[in-house]
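Here are my notes from going through this one, written as a colleague would jot them down. Have the viewer open while you read.

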Amino acid sequence: MPIPLEGVSPYFEGIGIDRPCHTEFRKGDVPAVQKVTGLVFKDMARVMNMGEDAVRDGRAVLQRVNKDKLCEWLGHFTWLTEYYMEPLMSAACGVAEEAEKLKTEKITDQKTIIALQEKVIAKKDRHLIRVQEAVKTGMQSYATTVETTCSEAVKTGMQSYVSAVETKCSEAYSAKVEETVKGGIQTYASALESKCSEVFSGKKIAEAVKSAVQAKDRSRNVIIFGVEEQSNEIVEEKVAEIFSHLDEKPLVLQSSRMGLVPKAGRKRPIKVVLRGSDHVKQILRKAKNLKDIAACKTVFVCPDRSVEERQEIKRKVEERKRLKTVANSNSNTAAEVT
């Protein structure tokens, strides 16, 4: 049984605590615990003629204290444990259980969110495919309509023009003018009709649509060069490690090596498909920082360019090399003359 609260020692006088033991721990109990503990340590320091810090650190020599005093101090600390420490530990266990429950619920919610995100992305991709097919079909129909309308308009307009010229010409030259004008106009009409058919042909429009769709798809891609290649590698993990060096965690839809398996020592580039072009722009802005990271000094990231764009960049690089070679040659010649 705990010692009575009041009347046993002056440590407990006036702290205003009157309740049964083993109840819940309250916020107002903190000052009472601090007060009682401080008074007991001060009394121990006084009796043993030592500093209070030495008593708190466990450096006190208890052989100097009689048994009655030791029992008194032990009773005080037992009382503190029963009235305060046990309720506090019980409350702490309840908080820990509630925290674990909330953690489990959070993990479940995160899994649900990820599953919903994957469904939305799959639905968006299917919608994009349907839009592309609709655009192709619509543009083919539009090309056929424009081609027919253009041909009919040219024929009708030229026939009206021929009639007007014939009316304005004099009778003396009507036969000659008619022959000349008809020949020239028919040639012009035929050439114009041919050009309209060529420009608005279904094949040309389909190629334009295909090029636009491919450019849209490439805007979500990046190409990573200089990554070491192993036989049993997991490309996704290597891509995630590179992005982590840039403090980026984009949603990667696909990542794979490009081209055939190379000879020993060569490294195939990695094509990475991201969720959107905004992620691509963010990564390309930070890609220059890879040269300052020891594990990525040979790695660089660039956009997914078309064949024409790559050829143009190659041409400019070769031109710069040629100009540099010419400049070095002229410099060496000038130095020899001097």
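Predicted model: local features only at pLDDT ≥ 70, side-chain atom pairs only at ≥ 80, totals over all residues.

1. The mean pLDDT of the chain is 77, with 70% of its residues at 70 or more. Residues 1-9 have a pLDDT below 50, and the model gives that stretch 15 contacts beyond near neighbours in sequence. Residues 16-22 also stay under 50, and here the model has 15 contacts beyond four places in sequence. I'd keep those values in view when looking at either stretch.

2. On to the layout. The chain has 8 helices and 4 strands. Read from the N terminus, the order is α-α-α-α-α-β-α-β-β-α-β-α. If you count contacts between residues at least 6 apart in sequence, 61% of them join residues at least 24 apart.

3. A word on surface and burial. Of the chain's 338 residues, 26% are buried. The accessible surface is about 24,200 Å², and carbon and sulfur atoms account for 57% of that.

4. Which residues touch the most other members of the largest nonpolar core? They are I224, F243, V272 and L290, in a core of 19 residues. Two or more residues each come from β1 (221-225), α6 (235-245), β3 (270-274) and α7 (277-286). The biggest share is from α6, which gives 4 residues. There is also a second, separate core of 15 residues, with A32, V40, V55 and W79 among them.

5. F243 deserves a click of its own. Setting aside residues up to four places away in sequence, F243 touches V222, I224, E248, P250, V252, V272, L274 and I283.

6. Is R257 buried or exposed? This arginine sits in strand β2 and counts as buried because its relative accessibility is 12%, under the 20% cut-off. What does its side chain reach at 3.3 Å? That would be the backbone oxygen of V227. A polar atom of the R257 side chain also lies 2.5 Å from the backbone oxygen of R268. Beyond its neighbours within four places in sequence, R257 is in contact with V227, E228, E229, E233, V235, K238, R268, P269 and I270.

7. D247 is one for the backbone check. Most residues other than glycine have a negative phi. D247 is not a glycine, yet its phi is positive, at about 55 degrees. You'll find D247 in the loop between α6 and β2 (252-257). Its relative accessible area is 66%, so D247 is exposed.

8. Next, E319, which is in helix α8 (residues 307-337). The side chains of E319 and R322 are joined by a polar contact of 2.6 Å. With 31% relative accessibility, E319 counts as partly exposed.

9. Last, the cysteines. How many disulfides does a search of the whole structure find? The count is 0. As for individual cysteines, C296 is buried, at 3% relative accessibility. C71, on the other hand, has 48% and so counts as partly exposed.

Definitions and conventions
Residues numbered from 1 in each chain as written. Heavy atoms only, no water. Disulfide = S-S within 2.5 Å. Buried < 20%, exposed > 50% of the residue type's maximum accessible area, 1.4 Å probe, protein only. Core = buried A, V, L, I, M, F, W, Y, C linked by side-chain atoms within 4.5 Å. Contact = heavy atoms within 4.5 Å. Polar contact = N/O pair within 3.5 Å; in protein donor to acceptor, adjacent residues only side chain to side chain. Areas by Shrake-Rupley, 256 points an atom, 1.4 Å probe, with all protein chains shown as cover. pLDDT = per-residue confidence, 0-100.
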